[in-house]
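Please look over the sequence and the model shown here before reading on. The report below takes up a few of its parts in turn.

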Amino acid sequence: MGEIRLPRHMFLWSMSVVYLFAFVSLYVQIPGLYGNEGILPARWLITPTEKPLAELLQDTPTLLWLCPQLGLDIQQGLELICLLGILLSFGAMVLQPLRDSMVFLCLWVLYLSLYQVGKVFLYFQWDNLLLETGFLTILIAPLNLFRWKSSFKYHDNITFWLVRWLLFRLMFASGVVKLTSRCPTWWGLTALTYHYETQCIPTPLAWYAHQLPQWFQKLSVVGTFVIEIAVPFLFFAPIRCLRLTAFYLQVLLQVLIILTGNYNFFNLITIILCFSLLDDDQVGSWFGHGKKKKGKSWPQAIISWAALLIELGVYVLIIYGTRLYFELEVDWETKSMSSKTAFTYHQFNHFLKMVTLPSIWIGVLSLTWEVVIAMFKCACVRGFFWKLWAIVQLAVFVTAATGIFAISLVPYTFIEYDTHSNIWPGVRKAYEMVDRYQVVNSYGLFRRMTGVGGRPEVVIEGSMDKVNWMEIEFMYKPGNVSGPPPVVVPHQPRLDWQMWFAALGSHSQSPWFSTLVHRLLQGSKDVIDLIQVDKSKYPFSQQPPAYIRAHLYKYWFTKANKDGSHPKRWWRRQYVEEFFPTVSLGDSTLESLLWQHGIKDNSPVERSPDGPIPDALRLLRAYIQPLSGPLVLWTLFCTGAAICLLKTFCSRAPRASKPRAAPAETKRKAKDSPGTGLEKKDQGKKREEPASIQGGSKVSEERSTDADRRVWKRK
């Protein structure tokens, strides 16, 4: 790797942006999700106890235990944590000195505090990924809070390497689990023919992607397998071009996912992890500041040609292996390409056993190489004290990097049983100790393709007389067949996501659904805001419904018209069965469900405490409540981005340059040349004048012209 100053700065700035997205997205949803009248009130999760604070933090590491000392209830504590996270992340976004290790430590602690009490609405892989990446950011960011300029340390390549290892684990595991799950759609290469319409919240482009021919969908699945299983091994390639190729392929995959699906900040984090594959030369080339090519000696030329041949050989090997194992054949008559899986499940398991352990050793060798280079740089430091200080810093961060790498092997080897069973017991014990802090995690995205026979969707209906029923339409999830899919990325409407998971099973598997129905019958404004911010689109905005029921439908994307135009409707649906029975307030069925799931709350809601902090929180909430999540999020981001752009333009604005003193040689020549007395006098006068006058003043032009004439006459 070359120098990584620019990718490192890009990584830190991008992580501050992702933290901003995460905190803002959750803040606007807190009252409806965790408020006193929300679906899962946080006061149920954090109950007063007489245990010491240290013991409470050890059991559940969250700052919400400090709410009584601050005079706040739990909902206000959640809001305060989100606001602190927004303030710090926004500051880190616009001010480089705040992209500091201590600031990112505070951001990580704040999000971990939310995660600990978030329960089902925060148990997503991207929340785990944000916490793990955020912990690595603490090690990568400089510790220079009281210094305006950040300095480059010799251990930066080592800590930044951990990001590359996380990217490898994420992508490789995501590709492997698709095949180890034995999902017939992944093995039959037909997963993407269902994916676009069955994902949680598709975008409008997903409808168009769904219309693509089946041969192209199958080829896309093959490309996904190649990018997620084969390409990650290029992350550790000693040849720079191979790493850059891997970077562009990974970013291409993530951008396509962003265009066709609303996966909040998950794909953004994955792209940020890809920055670990870059160096300063590549980033500089994007802005036209790449290094100029210099002439090479014959040994360098031989090495370059050898690297080029190896690079071409790797590309040929990947293409040949793809064609061999997926039997790719081009049909020139129909202008299509056929493909099918040419290996069995047992053959893939054998391949997985062969590569899992070597992949660990590849990681060991790559990390060792970074450590050796850093040690060599430390040895070249001048001065005994500075050399000793660099070695001490290096030792600390090498120990931290080695520890994190060793612990990460436990969740990484979940993909292969034999390798996992051979992990050293001491490493397992260390992993169990840090598991609650989400320092390392296991990943496996889209393990199985759901909704093959149609996208299951729960539709809630309300009525005042049990005769006339009106559907309650959500802002984001599919409901109205004529409504286009929304674009809400990077905001994550967590209730809409859980509605998608609830449709995959019965309502008893989603206990929170009973609470949702109960809150709608009560007319909870906080919960209604999760469904519709615009009250005109909520049919029971004036009065809560007397009865509520829920039906299960199956949804499909409509097909394009014969002329290729878009039809009037985006969806078509078919009724399946009743999902939740008809209930009303005080209904025995609803009461029994609430008691059965342990979510019946008879304790009176205490009045929110008064004080400057609670009053400020209530005032801000009243201002934000009428706004939608994406609007608040993008407003803050655009404001921060505008500030960053203004700072960039101001720093690059041309400034009046001071006149430079004449070099010694010029003075010596002027001294020895004939007839320079008058020239010296005129040059001295010029030197005393401002630079702006010297550049274009009429007076200076006349003086120089007169001086030239006098010299010419003298000659």
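Which residue in β4 is the bridge partner of Ser-463? The bridge partner of Ser-463 in β4 is Trp-469.

## Basis of the model

This is a predicted model, in which local features need pLDDT of at least 70 and side-chain atom pairs count only at pLDDT 80 or more, while totals for chains, interfaces and linings use all residues. Residues are numbered from 1 along each chain as its sequence is written, and side-chain values use heavy atoms, with hydrogens and water left out.

## Strand β3 and its partners

Helices (H or I, at least four residues) and strands (E, at least two) are DSSP runs, numbered from the N terminus, and two strands pair if DSSP finds at least two bridges between them. Strand β3 (residues 455-463) pairs with strand β4 (residues 469-472) in the antiparallel sense over four bridges, and the two form a hairpin with five residues between them, where Lys-466 in the turn has a positive phi of about 70 degrees. Nine bridges join β3 to strand β5 (residues 547-557), again antiparallel, and in β5 it is Tyr-547 that stands opposite Ser-463.

Nine of the nine residues of β3 are buried (buried means under 20% relative accessible area, exposed over 50% and partly exposed in between, with a 1.4 Å probe and protein chains only). Both faces of β3 are covered, with residues including Arg-455 and Glu-457 on one side and residues including Pro-456 and Val-458 on the other.

## Helix α6

Helix α6 (residues 74-94) has 21 residues, which at 1.5 Å a residue should span 30 Å, and its end C-alpha atoms are 30 Å apart, in agreement; the expected span is 1.5 Å times one less than the number of residues. Of the 21 residues of α6, 17 are buried.

## Cysteines

The structure holds zero disulfides, a disulfide being a pair of cysteine sulfur atoms within 2.5 Å. Cys-380 is in no disulfide, and the nearest cysteine sulfur, that of Cys-378, is 9.2 Å away. Cys-200 counts as buried because its relative accessibility is 2%.

## Exposed sites

Trp-389 is found in helix α19 (residues 384-412) and is partly exposed, with a relative accessible area of 42%.

Gly-586 lies in the loop between β6 (571-583) and α25 (588-596) and is exposed, with a relative accessible area of 60%. The C-alpha atoms of Gly-586 and His-518 are separated by 9.5 Å, although these residues are 68 residues apart along the chain.
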